[in-house]
Number of protein chains: 2
Amino acid sequence: MSGRQLLIFALGGCNEIGKNMYVLQYGDDIIIIDAGGKFPDETLMGIDLIIPDITYLEENADKVKALLVTHGHEDHIGGVPYLLKRLNVPVYATNFTLGLIELKLEEHKLRRETTLIPIDSRSSMDFGEIRTSFFRVSHSIPDCLGIVFETPEGTVVHTGDFKFDLTPLNNQKADIHRMAEIGKKGVLALLSESTNAERTGLSPSEQIVSSHMDEAFMKADGKIFVSTFASNVNRVQQVVHAAMKTNRKLALLGRSMINVVGVALERGYLSVPEGMIIDHRDIDTFQSEKVAILCTGSQGEQMAALGRLSSGQFRDVTIDPGDTVILAASPIPGNEKDVSRIIDNLFTIGAHVIYGTGSSTGMHVSGHGYQEDLKLMLTLMNPKYFIPIHGETRMLHHHRMLAESVGVEPGNTFIIKNGDVVDIEHGEALQTRSIPAGDTYVDGISVGDVGNVVLRDRRLLSEDGILVIVLTLSKHDQRLLSGPDTITRGFVYVKDSEGLINKINNIVRDALDELPPGQLQWKVIKQSIMKSVGQYLFKQTKRKPMIIPIIIEV
Amino acid sequence: MSGRQLLIFALGGCNEIGKNMYVLQYGDDIIIIDAGGKFPDETLMGIDLIIPDITYLEENADKVKALLVTHGHEDHIGGVPYLLKRLNVPVYATNFTLGLIELKLEEHKLRRETTLIPIDSRSSMDFGEIRTSFFRVSHSIPDCLGIVFETPEGTVVHTGDFKFDLTPLNNQKADIHRMAEIGKKGVLALLSESTNAERTGLSPSEQIVSSHMDEAFMKADGKIFVSTFASNVNRVQQVVHAAMKTNRKLALLGRSMINVVGVALERGYLSVPEGMIIDHRDIDTFQSEKVAILCTGSQGEQMAALGRLSSGQFRDVTIDPGDTVILAASPIPGNEKDVSRIIDNLFTIGAHVIYGTGSSTGMHVSGHGYQEDLKLMLTLMNPKYFIPIHGETRMLHHHRMLAESVGVEPGNTFIIKNGDVVDIEHGEALQTRSIPAGDTYVDGISVGDVGNVVLRDRRLLSEDGILVIVLTLSKHDQRLLSGPDTITRGFVYVKDSEGLINKINNIVRDALDELPPGQLQWKVIKQSIMKSVGQYLFKQTKRKPMIIPIIIEV
C-alpha cells in the first residue's frame, strides 16, 4: 500500500443496489465518495439498515482526507452518520445535499462536531496530489454532481447518478460541454452508474410527467392525493404547479415530506405561493375539489402516510370515494407487493387510482439513464479503463457490453466486487487483490452486533418455531425429579395440540431411560433429547422446530 | 339456501392470484370449478401451501356433484388432493389436465379411490338441472376449457384462463365461433379472468417466441440451457424444434420437467424425434454445441435445476463460460429477486444470458389476455351480469371498467370477495350475504393446524429472537436457589454479549428482590421478570425479543 500508486475500490454499491461507497487513494491520501445505506430484504430478519464495512478506512484513518457526497439519496447518504461516528472526516457536498445530511446529523446528535463544506459544480480543491473538481449531472433530486480526480497517474471520473435530460424542469442543466472537455483531455478510468443498464433506448424527460399531472388535476373532482419521494423536488414542484392551475391548496403529510420540503423551501429549490400550504387538520374546512395532498408512502410502507390513509388510519384525513390518488413514483424492486396492496385498498375505498409508468398517463420517469444515456456518457468520457458501479451483477455486465459497443477495449472493463482493488501504476490497471468489505447490519441502535449466527437462528425460528423442554434431575443419580415440561412458540398452537405435547414429554422420558447408567455429561443428555424429539416431530409433522433442552440439577 | 335459486361464489381466486375455486349451485346441486393452491408470501413464515377453506362444501357434501377442472396449472389443481381427502367427488377434466392431476394423486396415494372422468370441448352433461358444456380457449398449457352452465335462471359462463392467440402453435384453436354462439343465445352472468386487466393492448402470439428461440439457437456456440415451466408444452415444443434445426440432443433436468414432459409425450401433446432425448449424465459425451438442456427453475427456486446449476451444485452437469442460458418464462410477482439472483450468478460464471420480454429477443409471452382480449371476450359473451375473477383487487376493478366500456351496465358488475355470494332469482342478481371462506395453511404434512397465533409468534421470533430465563426457587419460601440462567437464540450472539447476559441476570435478581414477600403466583413473578428485562433491553438495543421466564420450584 506504500509508494505512489493509484487505488480504486468500492466498499459498497458493486453487485448490489444500495450502500454506495467508493474510495480513491493516491499514496497517503484517501478520498471517500458517498456513504450510503441499504434496506434489508426479507431474509435479513429484524435488520433495520445495512451500511458498508469500513474496516479499511478505520485502519487508515490518518490518510482519509474527505467524504465527497454526489447527491442526497438514501443510498448515498444513509450511512453518513455511522461513518462519522467512527471517522471524523470533513464532508463536502452541495447546498441541497448538505441540507438532507444535516437532518440526519441532527437526528444522530452529530451536527456540532461535524465539518460540513458546501461545494458546487465550479468548486475545486486538492487532496495531496489529487486535484478534485466537479460537473453537474441530471438526476431525480436537485444539485447532483459527478467528480473528476486528476492524479499523477491520470484522470479518474465518477459520474454519480445521472441521466441525460435535455429538457429538465429546473435550470440545473447537465454540464455536457464540461464532460466533453474532460473526455477530450483524456480519461484514464471511468466509474459510471449502471442502474438502468438493462433498459434499451434513452430515458424519457421529466417533462412528460408535467402534462400528465396537469391533466389528472384538471379531470379530478374530489380531493387529490399525490405520493412521491419528498426528495424529488422537481416532481413536488410539478404538483405545486398543477395545484396552482386548478386553484387547490396543498397539504403535506408524512415526516420526511414535511422535513425535505422544508429544506427545499429554505434553500430555494422549491417555489410555492404564499398561503398555498395549509395544515392537514384544516383540509376539511375547504371544498374537496380545492385541496391537494402531497404524501409519503410511495413505496408501500404501511406506516407511512399513504399506507395509513389507505387503511383509514390517518388521523384527521380520509380518502373518500371519488377522490383521486396518484402514485408518482415507481416501486423499487422488492417493494412491488407492498405497493400493490395499497393500490388494492384504494380501489376498495372507491378512489380513482393513477399508477404505473404507462406512456399515456404515467406519473413517473426514472432518474437513471438507460442504455443510450450510458453510451453517451461513455462516448463523452472515452475512458481507457472502465469500472461499472452502482448496480447488481447483471447490470454491471450489461454496462460492460455497452462500453465495448462504443469502443472500450475488451479486457479493459473491471467488474469488481466490493473490496476488490483496481491498482493503477504507470498508467496500467490491474485487479488482483482485495481489502475487507461487506455488510454491517444496524439493528435497533446497535451496529454490527447481529451476525450470521443470529440471522440463521432468526430464520430457523421463523420457519418452524421453537420447543423448550425443561427437566429437573437429581444431582445425586440424575433421576428425573420433575418435568419434562414443554413450552413452544411458533410451532403449533398449544391448546389444539395437547396430545402432541404429551407425546413429546413421553419421548423425552424414554430417551432418558435409554441412556447408559451413571453420571452423564449434560451435553450427552441434551443431544439424546434433541435427536429423539427432532426425529419424532419431523416424522409426524415434516417440520423441524428448534429444540432447546434445559436441565436443572438439584 | 333452499328452493330454486342460483348461487355463484368464489372460495378462492378473488382479490388474489392463486388458489382458484369457484362454485355454482342451483337448488340441491353444487358444482366446483377448479381447486387451486397458492404459494405463501414471506409473511406466512414456514407455510408451504395455501388452499381454500372448504367448510361450506363439507357442510353440503351431499349436494356436491362434481369438480370441473379448467386446466392443469398449479393455481387450478394444486388443491385437488386436499379437496379429495375431505370430499369424495368425481373429477372432470381434459386428457392433459388429468395427466397432471394423476401425478398429484399418486404422490398423495389417492389415485385408486378417485373417479376421474375425461372430457373435451365437445362433452356435455347434466348435474340436476344444470346443463354443462365446454368451449376451448387458448392459454399457456394444452387442453384448456371454458365452461357453460345452462340453468333455469339463465346461462352462466366461466372463461377459465385465456388469451386470444389467432396463430397458436398447436392445432388447439380457441372456439371463437362457439363463443359467439353462446353470447348470441344470451348470457346471464359471465365470470372472466382478470390477470392482465392492467395491461393495455392485445396479448402477443406465442409465435414470436419461436423465431427468437431459433435465432438464439443459431447464434449459440456452447451448450444451451432453457428454463421454462414444464407445463408450457408449446414452449417445450419450440425448444425441441430449435434443437432439431441445429442438430442438438436434448437433456431434461428437474423432477417436474421429467414428469410433465413424460405426461405430454405419453398423451400425444409433444412430438420429439426418436433418440433425441439423452440422459443428463451423458451430456459430456457430446460436443457442447451439440447439446441443449431443458430445465426447471425459471422462478428462481434455489433448489430447482437452474438454481443448482447457477451455483455449481448440480451433479454431473455444469454451466461453463460461453454457454447460453435462456429464461423462457417471466418471474411471477414476488419471485423477481430470486430470479435476478440466478441471472447474476449466470453472468458471473461467464454465461451468455437471455432473459426478459424485450420485443427483439424476448423468450416469453403471457398466457393471459390483455385488455383488448378481455374486451373481446366480454363483447362475444355480452353478459347481463359480470363477475371479474382470478385477480387481485385492482385487476378486478380494471376489468370492471373494461366491461363498462363495452356495454355492461354500471352496477351490474359484482366485485366479490371470496365467500361473497351472488344470488340470482327471477333473472335478478343480488350480492348481500357471504359464506365462510379463507386461507387454509398447509405446513409440512398437516393441514390447517397453523393459525394466526403460531404465525404471529414466528414473526416475532424472526424479528428479534427469543430469551429463555430459567430460575429455580425454593418451594418453601420462593428463595432463589439457582439461576437465573439466560439462553438466547436470534437475539444477540452470546459469545460477544456476556456483559449483556450478566446484566439481564442481575435485572432478574433485582426484580425478584422487589417483589412483595410471601408466596406469589408464578404468573406474578413471570410478569415482573418480563417487564423489567423487556424495558431494559428495549432501552439498550431498541429490540423486543420474546421473553420466556421458566420457574422451577424444588
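User: Which residues of α4(A) are buried?

Analyst: This is a predicted model, where local features need pLDDT of at least 70, side-chain atom pairs count only at pLDDT 80 or more, and totals for chains, interfaces and linings use all residues. Residues are numbered from 1 along each chain, chains are lettered from A and ligands numbered from 1 as written, and side-chain values use heavy atoms, without hydrogens or water. In α4(A), the buried ones are Phe96(A), Thr97(A), Leu98(A), Gly99(A), Leu100(A), Ile101(A), Glu102(A), Lys104(A) and Leu105(A).

User: Why is Tyr441(B) called buried?

Analyst: Buried means under 20% relative accessible area (exposed is over 50%, partly exposed in between; 1.4 Å probe, protein chains only). Tyr441(B) has 12%, so it counts as buried.

User: What makes β17(A) and β18(A) a pair?

Analyst: Strands (DSSP E runs of at least two residues; helices are H or I runs of at least four, all numbered from the N terminus) pair if DSSP finds at least two bridges between them. β17(A) and β18(A) have three, so they pair, in the parallel sense. Val325(A) stands opposite Val353(A).

User: Which sides of β17(A) are covered?

Analyst: Both faces: Thr324(A) and Ile326(A) are buried on one side, Val325(A) and Leu327(A) on the other.
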